[in-house]
Amino acid sequence: MNRFEGPGAREARIRYLDGDFQVMTPGAFVRCAVTEQPIQLDDLKYWSVARQEAYVNADTSLARELEMHPELRKRG
């Protein structure tokens with residue numbers, strides 16, 4: 001059994017805030033909006049307040065930002 005299986009290991013509902021997040025429905029993890037990879041709440045570091053999405057790492061967060069705002073690629 002891995003850490004995302006078993007009783008109590010369900011997906012949390014989160015409200016993402018600037019620099020923090022609020023657990024709306026308790027759970028053990030959230031899913032990355034891009035990869036759908038589970039992220040333990042203790043490991044959650046990257047999210048978008050505007051889109052209310054979590055990301056597994058900084059590279060994935062940047063990729064999503066560039067996907068949503070392709071004009072950012074032209075800066076520079």
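Modeller: Contact means that heavy atoms lie within 4.5 Å. The model under discussion is predicted.

Biologist: Which strands are included in what covers the buried residues of helix 1?

Modeller: Helix 1 spans residues 58-68, and its buried residues are T60, S61, R64 and L66. The elements covering these residues include strand 5 and strand 6 (53-55).

Biologist: Which residue caps the N-terminal end of helix 1?

Modeller: The backbone nitrogen of D59 lies 3.2 Å from a side-chain oxygen of the capping residue. That oxygen belongs to N57.

Biologist: Is L44 buried or exposed?

Modeller: L44 lies in the loop between strand 4 (38-40) and strand 5. Its relative accessible area is 7%. Because the cut-off for this class is under 20%, L44 counts as buried.

Biologist: How many residues has the largest nonpolar core?

Modeller: L44 belongs to this core, as do V30, I39 and A54. L44 touches each of these three, along with Y16 and F21. V30 in turn touches residues including A12, I14 and L41. The largest nonpolar core has a total of 10 residues.

Biologist: Are the rings of F21 and W47 stacked or edge-to-face?

Modeller: The count of aromatic pairs comes to 2. The ring centres of F21 and W47 are 5.5 Å apart and their planes stand at 85°, over the cut-off of 60 degrees, so the pair is edge-to-face.

Biologist: How many residues apart are F21 and W47?

Modeller: F21 sits in strand 2 (residues 20-25) and W47 in strand 5 (residues 46-48). Together with Y16 they form one aromatic cluster. The pair links distant parts of the chain, F21 and W47 being 26 residues apart.

Note on methods:
Residues numbered from 1 in each chain as written. Predicted model: local features only at pLDDT ≥ 70, side-chain atom pairs only at ≥ 80, totals over all residues. Heavy atoms only, no water. Core = buried A, V, L, I, M, F, W, Y, C linked by side-chain atoms within 4.5 Å. Buried < 20%, exposed > 50% of the residue type's maximum accessible area, 1.4 Å probe, protein only. Phe/Tyr/Trp six-rings, centres within 6.5 Å; stacked < 30°, edge-to-face > 60°. Helix = DSSP H or I, 4+ residues; strand = E, 2+ residues; numbered from the N terminus. Polar contact = N/O pair within 3.5 Å; in protein donor to acceptor, adjacent residues only side chain to side chain. Lists of a residue's contacts leave out its neighbours within four places in sequence.
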